[in-house]
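Subject: Structure for you to look at

Hello,

Please find the sequence and structure below. My notes on what was found follow it.

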Amino acid sequence: MQHTRILALFFVLVFCFVFIRCSSGTAKSNAGKKDTVGLTTDFKFTGLSAAQAAAYTNAIDEFYQKRLVRTGFNGAILVAKNGQVLFEQYRGYGNFITKDSVTPHTPFHIASTSKTFTGMAVLKLWENGKLSLEDTLQKYFPQLPYKGITIRNLLSHRSGLPNYLYFMDSIWDKHKEMTNEDVLNAMIVHKPRIQNLPDRRFQYCNTNFVLLALIVEKITGQKFPDYMKKTLFEPLGMHDTYIFSIKDTANYNPTWSVSRGFPMDQYDCTYGDKNVYSTVRDLLAWDKSLYQHTYLKRSTLDMAFTPLSNEVRSMHNYGLAWRLFIKNKDTVIYHNGKWHGTNTSFIRLVQDTATIIVLGNKENRNIYQAKEMESIFNGKLQIDKLDE
């Protein structure tokens with residue numbers, strides 16, 4: 001009898017163990033879909049009918065032909081709705097010297113659109129408890145003479161700092177490439193005059209994002225281009241995206257004006273404010289991650305997309321690393337870019353779940369008119385220009 005009881009207890013224990021293991025596996029398999037950077041996908045795109053997709057595509061093509069092709073567009077364009085690509089075209093040369101054609105894998109310098117990556121990488125560190133948005137510059141750069149400036153002020157362009165693209169002109173040898181560290185050291189030594197007190201007003205300033213990239217390096221112990229590749233670009237499948245730095249100067253590919261290329265100058269090796277090279281397909285992957293909250297939480301993005309510069313009444317505003325255009329309770333979340341011959345436009349029509357991406361490596365300001373395609377999706381003609 002005692003033997004029978006022991007045997008029965010044994011089978012009960014085995015059954016409980018198997019049940020717990022199976023239940024655990026089922027719970028894991030039924031959990032929200034996990035992406036490669038670890039967050040649960042809580043958003044699902046809805047499909048388009050063939051007729052809807054065709055109507056959108058025809059309207060986009062009309063814009064493309066009239067506004068871009070006729071004005072000498074050289075670059076790439078991709079427009080998507082509900083995660084579905086409606087229009088994708090490549091035109092001209094990716095390299096004007098070798099005459100290599102633009103392809104889906106041709107990376108373009110996206111200029112100030114790079115700030116969205118820097119800003120969101122900082123917010124990722126904030127999510128992970130690695131920094132506070134109220135940390136001041138002195139926590140990371142004790143010798144900097146500018147007091148009371150927080151990480152939040154840098155992200156929102158409310159620091160009041162002077163723009164390094166201007167004050168370095170009188171300090172730096174124009175025949176020598178500068179790094180982010182060079183900008184920091186020049187500010188410590190030469191103390192260029194602040195433009196206004198912190199958090200008094202919005203003032204777009206590239207220095208803010210050069211310092212943010214340095215803060216990321218301080219916290220992670222990695223060079224910013226390497227950190228971004230390992231923790232953002234590769235996990236999101238952005239395999240044609242990278243950050244240009246001083247080690248890449250031998251591979252510099254100049255952008256162009258109408259008649260000539262722009263040689264590399266002393267500002268071409270600083271990053272954080274610019275120097276992300278990417279493709280329209282990679283930027284669509286970035287856009288999808290923002291909709292699906294697979295890199296940052298929904299609450300974090302809601303904070304980033306909240307307007308912070310309200311001292312002047314305007315439809316134009318800025319959140320944390322994103323420009324905002326607010327009209328009739330609709331908000332366009334976007335960032336344009338301009339550097340040498342580069343013009344870029346990355347526009348998110350979140351109310352319509354639509355995205356417009358236009359990248360050019362030969363000067364063409366018509367790229368900034370891409371916002372007018374908003375009327376294709378909302379049925380209203382809006383021709384308000386977005387800030388560069």
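The structure holds zero disulfides, where a disulfide is a pair of cysteine sulfur atoms within 2.5 Å. Cysteine 205 is buried at 1% relative accessibility, and cysteine 269 is buried at 2%. Buried means under 20% relative accessible area, exposed means over 50%, and partly exposed lies in between (1.4 Å probe, protein chains only).

This is a predicted model, in which local features need pLDDT of at least 70 and side-chain atom pairs count only at pLDDT 80 or more, while totals for chains, interfaces and linings use all residues. Residues are numbered from 1 along each chain as its sequence is written, and side-chain values use heavy atoms, with hydrogens and water left out.

Next, the strands. Helices (H or I, at least four residues) and strands (E, at least two) are DSSP runs numbered from the N terminus. In strand S10 (residues 330-339), eight of the ten residues are buried. S10 pairs with strand S9 (residues 323-327) in the antiparallel sense over five bridges; two strands pair if DSSP finds at least two bridges between them. Lysine 327 stands opposite aspartate 330 of S10. The S9 and S10 hairpin has two residues between its strands, and asparagine 328 there has a positive phi near 55°. S10 is also joined to strand S11 (residues 342-349), antiparallel, by eight bridges. That pair forms a hairpin with two residues between the strands, and histidine 340 in the turn has a positive phi of about 50°.

Eleven of the 14 residues of H8 are buried, so the helix is largely enclosed by the rest of the structure.

Another salt bridge joins arginine 348 and aspartate 287 (2.6 Å, N to O). Arginine 348 lies in S11 and aspartate 287 in H10, so parts 61 residues apart in sequence are tied together. Both arginine 348 and aspartate 287 are buried.

Regards

Methods: A salt bridge is a side-chain nitrogen of Lys or Arg within 4 Å of a carboxyl oxygen of Asp or Glu.
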